[in-house]
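Biologist: I'd like to learn how to read cavities and helix packing in a model. Can you take me through them?

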Amino acid sequence: RRPASRTWCMLPTIAPRAGGPLRRPTPLLLALALAACGRVPEAAPPSAPRLEDPRAAALWSALERGQVGSARSLLEALGASLGPDQPLAAARLALAEGDAVGALRQVEQAKAAWPADPRVYATACELFAGLGRLDAAQAEYEQGLSACGRTPELIRAQGILGLSTPGQVELGVRLLESARAADPGLPLVGEPLTRGRAVLARLALGEGQGQAARAWLASGLAEAPDDGELRHIAAQLDLAEKRFPAARAALEALHAEGLSVREDLLLALRADAAEALLAKDRTRNVSAYLRMLELGVPREQLGFGADVLRREAEQRIAEGLQAFELGENLRVDGELEPAVRAEAISARVRQFEKAEASFRSALDFDPDSLEARHRLGEALYRMGDFESAAREWEAVQLLARGSEYEGSGVHLNIARAWRGAGHADRARRVLEEYLSTAPRGEYVDETEALLRLLGTASAR
C-alpha cells in the first residue's frame with residue numbers, strides 16, 4: 001500500500017474516448033478518489049432491514065461462492081419471507097446460471113415494487129458490473145444514490161464496480177472495506193473482497209513489490225485462511241523470495257487439495273533440489289528429485305537429478321545385498337539346539353526382510369533397475385513368498401528384452417518360484433516357452449532337467 005505520509009487526493013479525470021473531450025469525474029470516481037485518501041463519505045442512511053434467519057446468510061454465502069444448487073434450495077425454502085431480497089437473490093442466481101436477461105428482468109420487477117430500496121440498485125449495479133457493462137452499472141449506482149442516499153449496500157456496489165474498472169481494484173477493495181465497516185453484517189462482501197485482495201497481491205508480486213504483496217495476502221488470509229488462490233499466491237511469493245522449502249510445502253498442500261499448481265510445484269522442487277545440493281542436504285535433495293518423478297517428470301528430463309537417484313538406488317542395493325548375505329550365512333541346520341535354531345531362523349528372516357525393504361527402496365529411486373528387481377525376487381524366494389518372487393522375476397524378464405540381460409536364465413527362477421507356489425502348470429509353460437523360442441539356448445539342459453523334475457518330458 002502507498003505510504004500514509006503521501007497525498008493521493010488528485011481527482012481523476014476520465015480519459016477521452018477516440019479523441020473526445022475530457023469529462024468531469026463521475027460520483028464513482030469521486031468516491032474512489034476520496035477513498036484513496038482515507039476519506040470515504042459517511043453512510044448517512046443505514047442498511048435496509050434484512051431477514052434475520054441463518055438460512056438467509058447461508059443463501060448469500062452460496063451465491064457468493066457460486067454454489068447454484070444450494071442457493072436454489074435455500075431460495076425456495078425462504079420464499080417470500082425474504083421480501084425484496086427474494087427477486088434480487090433470484091436475479092443473482094439466474095446470472096450464475098447464465099441467464100442474464102432473466103436476471104435483469106427480476107431486478108426491474110423488484111425496482112418497480114420497491115423503488116426506494118437501496119438493495120435493488122446495488123444489485124443492478126453489481127450485475128451490470130459482472131456483465132462488463134460499466135456505464136450501465138454506474139447509472140444504476142447513481143439512481144440508487146439519488147433515491148436512497150449512500151447506504152452500505154451502495155458502497156458495496158461501488159466497490160464491486162471498482163473491482164471491475166481497470167486501474168481501480170485497490171480503491172474498490174477500500175470501498176468494500178468501508179461498506180463492511182458501516183455494516184459488519186452486510187452480505188456479499190467477503191468473496192469479492194477476497195478476490196480483490198488476491199488480484200492486488202498478484203499484481204504486487206508481478207511488479208516485484210514483495211512487501212506490498214505480503215500485506216495484501218495477510219489481510220486476505222486473515223479473513224479467508226483456506227482460500228486456495230491466496231495461498232497459491234503466497235507460495236509463489238515464497239518461491240520468488242527463495243524460501244523454497246516453504247513454497248514447496250505450501251504447493252504440496254494445494255496440489256493434494258486438487259488445485260492446478262503442478263507447474264509451480266515443479267519449479268519449487270527444482271529450486272529446492274538445487275539449494276539442497278549446495279547445502280549438502282542429501283535427504284532433501286533426493287526427496288525433491290524423487291517427488292518430481294512421482295509427478296510424472298520423465299527421468300531423462302531430471303538432468304543431474306537422474307544421476308542422484310541412480311546413485312541412491314545403488315546404495316540401497318548395496319545395503320540390501322549386505323543384509324541378504326548375512327541372512328544366507330546364518331546356520332539353521334538341524335544340528336543346532338531347537339531354541340538356538342529357532343532364534344537363528346528368526347534372525348535370518350529379519351535379514352531377508354531388511355534386504356527386501358532395501359531392494360524395494362532402490363526401485364523407488366530407479367524403477368527400471370534390473371538388479372534391484374532381481375534381488376528383490378531372491379529375497380522374497382528365500383522368505384517363502386514364491387508367487388511374489390515369480391512376479392518380480394517376470395518383470396525382470398520383460399524389462400530385459402532387447403537388453404544385454406535378455407536370455408540370462410531368469411526363466412529358471414520364474415519356473416522354480418511358480419513350482420514353489422504350487423503352480424506346476426505355470427512353471428511348465430515358462431520352461432516350454434523358453435525351449436520353443438531358444439532351442440539351442442545356453443540354458444536348454446537346465447530347462448529340460450527342471451521339466452523332468454516337474455514330471456514332463458521335453459519336446460524339442
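Biologist: Which residues line the largest cavity?

Modeller: The general idea goes like this: rolling a probe the size of a water molecule over the atoms shows where empty space is left. Here, the largest cavity is lined by Arg-50, Trp-60, Asp-85, Leu-88, Arg-92, Arg-119, Thr-123, Glu-153, Arg-156, Leu-186, Pro-187 and Leu-188. A cavity is a set of points, on a 1 Å grid over the protein atoms alone, where a 1.4 Å probe fits but cannot get out, and lining residues have an atom within 4 Å of a point. One caution: this is a predicted model, where local features need pLDDT of at least 70, side-chain atom pairs count only at pLDDT 80 or more, and totals for chains, interfaces and linings use all residues. Residues are numbered from 1 along each chain as its sequence is written, and side-chain values use heavy atoms, leaving out hydrogens and water.

Biologist: How many cavities of 30 Å³ or more are there?

Modeller: The count comes to 1. The largest cavity holds about 100 Å³ of space, a volume being the space filled by probe spheres set on the points, with grid points joined across faces, edges and corners.

Biologist: Which elements give two or more residues to its lining?

Modeller: Those are helix H4 (85–96), helix H6 (118–130) and H8, where helices are DSSP runs (H or I, at least four residues) numbered from the N terminus. H4 gives the largest share, 3 residues. By class, the lining has 5 nonpolar, 1 polar and 6 charged residues; Ala, Val, Leu, Ile, Met, Phe, Trp, Tyr, Cys and Pro count as nonpolar, Asp, Glu, Lys and Arg as charged, and the others, Gly among them, as polar.

Biologist: Now packing. At what angle do the axes of H8 and H9 cross?

Modeller: Two packed helices are described by the angle between their axes and the distance between the axes. For H8 (residues 152–164) and H9 (residues 169–182), the axes cross at roughly 160 degrees and come within 7 Å. Axes are lines fitted to C-alpha atoms, for helices over the stretch in contact, and angles run from 0 to 180 degrees between N-to-C directions. That makes H8 roughly antiparallel to H9 (angles over 145 degrees). Their contact (heavy atoms within 4.5 Å) divides into 10 nonpolar, 5 polar and 1 charged residues.

Biologist: Which residues of H7 and H8 meet?

Modeller: Leu-134, Ala-137, Gln-138, Tyr-141, Gly-144 and Leu-145 in H7 meet Leu-154, Gln-158, Leu-161 and Ser-164 in H8. This contact has 6 nonpolar, 4 polar and no charged residues. The two axes come within 10 Å and cross at roughly 165 degrees, which makes H7 roughly antiparallel to H8.

Biologist: And how do H13 and H14 cross?

Modeller: H13 (residues 244–256) and H14 (residues 262–278) have axes that come within 9 Å and cross at roughly 150 degrees, so H13 is roughly antiparallel to H14. Their contact divides into 8 nonpolar, 1 polar and 6 charged residues.

Key. Angles under 35 degrees count as roughly parallel, over 145 as roughly antiparallel, 65 to 115 as roughly perpendicular and the rest as oblique. On a 1 Å grid over the protein atoms alone, a cavity is a set of points where a 1.4 Å probe fits but cannot get out, and a pocket is an open set with protein on both sides within 12 Å along at least five of seven lines; lining residues have an atom within 4 Å of a point.
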